[in-house]
Amino acid sequence: MSHPPMIITAAIVGAEVMRKDTPYIPYTPEEIAAEAVRCREQGAALVHLHVRERDGRPSQSAKLFGEVIRRVRKACDIIIQTSTGGAVGMTGEERCGPLTLQGDEKPEMATLTTGSVNFGEEIFANPRPLTRDIAKRIKAAGLKPEFEIFDAGMIDEAKYLNKEGLVDFPGHWDFVLGVPGGLGARPDALDYLRGQLPAGATWSCAAMGRHQLPMVELVAERGGNSRVGMEDNIFVSKGVLAKGSWELVQKAVESAKSKGRNIATPAEARGMLGLAR
């Protein structure tokens with residue numbers, strides 16, 4: 001069976017990894033944009049964005065997102081997706097900062113997490129009223145949501161949102177596996193989740209830490225797409241820090257091609273995701 005080209009998403013910043021963990025994590029708009037461009041050059045078709053203050057504190061500032069997006073768009077054609085997860089402890093209003101962007105600063109996609117989950121020693125809180133509110137804002141902004149699935153029940157919750165008319169199906173889904181407190185990064189977990197999706201859905205997998213690159217091969221065999229990058233994993237091999245998310249994208253491309261998969265360009269990915277640009 002022939003599979004479509006693999007969409008590789010680069011998750012380059014996140015909200016947790018700091019310079020004490022790795023000197024290669026970008027903080028400033030200039031650094032984040034430059035890293036997105038490097039990832040595009042290595043084969044990523046989509047960039048998943050967070051932003052930081054200059055001292056590294058996580059932010060959902062529309063101004064900072066806008067600056068990054070302008071810089072990226074000036075340099076390359078990568079699909080831009082903004083996080084509405086932000087960082088643990090942020091208010092819903094804070095988290096929705098990038099959904100207010102317009103014109104050249106407007107992203108094409110935004111994430112939507114459809115449930116709460118233990119997140120290490122903390123709780124990533126997404127009560128149902130908040131999830132509905134964020135879904136409404138994403139739809140009003142004219143963006144395509146990516147359903148961020150940390151546990152199995154979140155797929156069912158997305159289906160409730162669809163019944164309520166708040167999200168459109170079949171949708172694009174990202175299985176975030178291996179977060180301490182969430183569903184593990186295992187083949188059986190991946191197979192269960194993808195078996196629950198609406199017909200015609202597209203899906204990707206973001207595996208944490210040491211699971212990230214091995215899961216790319218499994219996903220390639222299953223016909224899915226992959227998210228890699230320093231938001232989720234800072235090592236290119238055991239004990240060896242990646243010099244940037246671009247290096248993890250490079251490894252993912254090699255793994256996917258070793259399984260016979262072509263790599264989607266941004267134009268191909270837009271077609272697969274139903275994005276118009």
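Student: Which residues bring helix 1 and helix 2 into contact?

Tutor: Pro29, Glu30, Ile32, Ala33, Ala36 and Val37 of helix 1 meet Leu64, Glu67, Val68, Arg71, Val72 and Ala75 of helix 2; contact means heavy atoms within 4.5 Å. By class there are nine nonpolar, no polar and three charged residues in that contact. Bear in mind that this is a predicted model, where local features need pLDDT of at least 70 and side-chain atom pairs count only at pLDDT 80 or more. Residues are numbered from 1 along each chain, and side-chain values use heavy atoms, without hydrogens and water.

Student: What makes helix 6 oblique to helix 7?

Tutor: The axes of helix 6 (residues 187-195) and helix 7 (residues 212-222) cross at roughly 40° and come within 11 Å. Angles under 35 degrees count as roughly parallel, over 145 as roughly antiparallel, 65 to 115 as roughly perpendicular and the rest as oblique, so helix 6 is oblique to helix 7. The residues in contact are Pro187, Leu190, Asp191 and Arg194 of helix 6 with Met215, Leu218, Val219 and Arg222 of helix 7.

Student: How do you know that cysteine 39 is in no disulfide?

Tutor: A disulfide is a pair of cysteine sulfur atoms within 2.5 Å, and by this rule the count is zero. For cysteine 39, the nearest cysteine sulfur, that of cysteine 76, is 9.6 Å away.

Student: Why is cysteine 39 called buried?

Tutor: Its relative accessibility is 0%, and buried means under 20% relative accessible area (exposed is over 50%, partly exposed in between, with a 1.4 Å probe and protein chains only), so cysteine 39 counts as buried. Cysteine 96, at 2%, is buried too.

Notes. Axes are lines fitted to C-alpha atoms, for helices over the stretch in contact, and angles run from 0 to 180 degrees between N-to-C directions. Helices (H or I, at least four residues) and strands (E, at least two) are DSSP runs, numbered from the N terminus. Ala, Val, Leu, Ile, Met, Phe, Trp, Tyr, Cys and Pro count as nonpolar, Asp, Glu, Lys and Arg as charged, and the others, Gly among them, as polar.
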